[in-house]
Amino acid sequence: MHSGVDSAYCVPQLDHIILADGVSARPDGKIDIFGAAWDTIFAPMVPVQHPMLAIAVRVLLTQQEAASTHHLEVRIMSPDGLEIANATGDVGAVAAEILA
């Protein structure tokens, strides 16, 4: 799925991204998502602050991609293109014994 892309720079395939009130990781690798799948905040006036926002992201990786750390950046943009919020983080490599 990386045709035409240099193997030194692979972009993982996004499987899904879900907005929710909360997301909790479990030891078995699954996640619990609550207050999920909304895309609009209703308020009597603006600006308004939502008390909590979580984003559940799943990317599909090849075995080679899973062996490396990946940097993830999420930006929330307003309809007119202004950045409202952002989050960044690193997703660690999967241990070699798991990939074997």
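Which residue forms a salt bridge with Asp-32, and how far apart are the closest N and O atoms? I started there and found Arg-26, with those atoms 3.2 Å apart. I note that the model is a predicted one.

**Entry 1: salt bridges**

I searched the whole structure and got 5 salt bridges. Arg-26 came up again with Asp-28: their side chains meet in a salt bridge at 2.8 Å, N to O. I therefore wrote down Arg-26, Asp-28 and Asp-32 as linked in a network of salt bridges, a bridge being a Lys or Arg side-chain nitrogen within 4 Å of an Asp or Glu carboxyl oxygen.

Arg-26 has a relative accessible area of 31%. Asp-32 stands at 34%, and Asp-28 at 48%.

The side chain of Glu-73 meets that of Arg-75 in a salt bridge, 3.3 Å from N to O. Glu-73 has 45% relative accessibility and counts as partly exposed.

**Entry 2: a nonpolar patch**

I then turned to the surface. Leu-14, Ile-17, Val-57, Val-59, Leu-61, Leu-72 and Val-91 form a nonpolar patch there. Together these residues have about 520 Å² of accessible area. I checked which elements give two or more residues to the patch, and noted strand 1 (13-25) and strand 3 (54-60).

Where does Leu-61 lie? I placed Leu-61 in the loop between strand 3 and helix 1 (63-66). Why does Leu-61 count as partly exposed? Its relative accessible area is 36%, and the class runs between 20% and 50%, so Leu-61 belongs in it.

**Entry 3: the second largest pocket**

Last, I looked up the second largest pocket. I recorded a volume of about 500 Å³ for this pocket. It is lined by 18 residues, and those closest to its centre are Ile-41, Val-48, His-50, Ile-76 and Ile-84.

Which strands each supply at least two residues of this lining? I found strand 4 (70-77) and strand 5 (83-91).

Methods: Residues numbered from 1 in each chain as written. Predicted model: local features only at pLDDT ≥ 70, side-chain atom pairs only at ≥ 80, totals over all residues. Heavy atoms only, no water. Patch = residues over 30% accessible without salt bridge, like charges linked within 9 Å, V, L, I, M, F, W, Y side chains within 5 Å. Areas by Shrake-Rupley, 256 points an atom, 1.4 Å probe, with all protein chains shown as cover. Helix = DSSP H or I, 4+ residues; strand = E, 2+ residues; numbered from the N terminus. Buried < 20%, exposed > 50% of the residue type's maximum accessible area, 1.4 Å probe, protein only. 1 Å grid on protein atoms, 1.4 Å probe; cavity = no way out; pocket = protein on both sides within 12 Å on 5 of 7 lines; lining within 4 Å. Points joined across faces, edges and corners; volume = space filled by probe spheres on them.
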